[in-house]
Amino acid sequence: MRNFLFAATICCAVSFSLYAEDEIPANDKTKESTVEAAETPAEGEAAEAEEEEENKLAFERKPYFNATVFGGVSAGINIEDGDVNKEESYEIGLDNLILDFQGGDRMFNGRAVVDFGSVDDEGKMTLDVIKNVSFRMQHPSFRNSAGTFGLDVNLEAGLFSMPFGIENGYDHEVAFANSAIKEDFFGGAFNDLGVSLGVELIFSKESDLAITLFTFNGGNETVLDGEENLFRAPAFGVDVRFNKTGDFFATAAASLVFGKAYRNYGFDVYQTVADEEGEESLLYKNGENLDQDKNNVLMAIGADLGYNVNDNISVGFKAEFGLAHRALYNPDFEKGKLISDGVKDADSALTSWGLFAMPYATLWDVDMMARVSYFKAPFYGENIVSKDNSNLGVNIAIIYNFCDYAGIELDYDFNKTTFHKYGEKNETVSESLNTHAITLALSGAFNFLWEEENK
């Protein structure tokens, strides 16, 4: 039966072809075939190209809801100067347990992110588990008639991650997010209460330039005023970044923050004063009220460049330079000045900087990277007596995504910390601490997305 139907189909096709040839004269047939071959595809391609050009920068409002659950556990070995640190080794720890909810209609959007893995040193759950509660409006304010240029106005308010530096975003959104520059030098970036207003210049479907102004409560404990009073010293910033997607992808970002460098020293400090006869004495100061209203400038310049070879292979390179310049009160305490070298006056300034470079690649189901970082310590404590305290780090990580919902990661971390302190005779003592850590982590993620179907 199948052979009979196949033969009947062939006969019908041949009959239709012969009938068409009988109806069209030879000369007209040749001319018409030439016209169809020469004009019809070209017109079709032009129409498709024109339609694609018109829709290239189209903005479509479509209700959606997205929910993501992400979690990870890890265990490893920590070695300090050749000895295993048993307090930080072997135990299985909860890295994060994140619930990320997003929804809206693309123009008006809301987001809430909670990380139940963010607990304090005593294991108690605090408000730090709330990573995002924010509202965002993206308004397509302009599109030219050719569809080759557009402008969006973006407004965001609430608790969210400020656009600062190249390593922005949340841990579950960015692979290899545990950067020493982001976490230690900048103190975990700027996830604060604030508001941002920006414009996005859209040059094509694959490239845009975003300029954002923002202000926030400045609650960063490492480089800003701390968290004792959330709104005592607000900070202001600007972020400019260029984004390109496609086979060749790139992001270049320049960020600047102006804030207050309040520091609660936490111990009794003094100021050296001289009387009319030139004799010096120590005047007691309350360590909780120093460094208030001292200006601080933070800067980050970075780039992320890469190429998608095909659907399974991609390579990239990411790098950033950061700088912190802060005015400070450099007090005396029982053993000497807090910063002994390079900062002699009580009203002076300290400049610290950091940088990192990171090649990375994706090969089928395996993500890998190698990061090298170096920074001058911008933080203070009773042992900080030198502006040359530093940290050198090397991090190598491999993630095998063995299914769509889970992956296993192997990390090797090396850190060399150089710091200075006062000895028993008030002399300056320099020390270095080398640490090695090998960590095995297991992470899992599940994503649910609903959006209105096209009508």
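**A chat about the fold**

Visitor: Before I start, what kind of model is this?
Guide: This is a predicted model.

Visitor: OK. How many helices and strands are in the protein chain?
Guide: The chain has 3 helices and 21 strands.

Visitor: And what share of the residues counts as buried?
Guide: Of the 455 residues in the chain, 36% count as buried.

Visitor: What about contacts, what share joins residues at least 24 apart?
Guide: If you take contacts between residues at least 6 apart in sequence, 61% of them join residues at least 24 apart.

Visitor: Let's do strands. Which ones pair with β13?
Guide: Two partners to show you here. Strand β10 (residues 248–260) pairs with strand β13 (residues 295–308) in the antiparallel sense, over 13 bridges. Strand β14 (residues 313–329) also pairs with β13 in the antiparallel sense, again over 13 bridges.

Visitor: Which residue stands opposite T251?
Guide: That's D304, in β13. On the β14 side, M299 has L323 as its bridge partner.

Visitor: How many residues sit between β13 and β14?
Guide: There are 4 residues between them, and the two strands form a hairpin.

Visitor: New topic: K376. Where is it found?
Guide: K376 is in strand β18, which covers residues 366–376.

Visitor: A lysine, so is K376 buried or exposed?
Guide: K376 is buried: its relative accessible area is 15%, and the cut-off for buried is under 20%.

Visitor: What does K376 touch?
Guide: Leaving out residues up to four places away in sequence, K376 touches F185, S352, W353, K387, D388, N389 and S390.

Visitor: Why does F176 count as buried?
Guide: Because its relative accessibility is 12%, and buried means under 20%.

Visitor: And W364, buried or exposed?
Guide: W364 is exposed, with a relative accessible area of 57%; the cut-off there is over 50%.

How values were computed. Residues are numbered from 1 along each chain as its sequence is written. This is a predicted model: local features need pLDDT of at least 70, side-chain atom pairs count only at pLDDT 80 or more; totals for chains, interfaces and linings use all residues. Side-chain values use heavy atoms; hydrogens and water are left out. Buried means under 20% relative accessible area, exposed over 50%, partly exposed in between (1.4 Å probe, protein chains only). Contact means heavy atoms within 4.5 Å. Two strands pair if DSSP finds at least two bridges between them.
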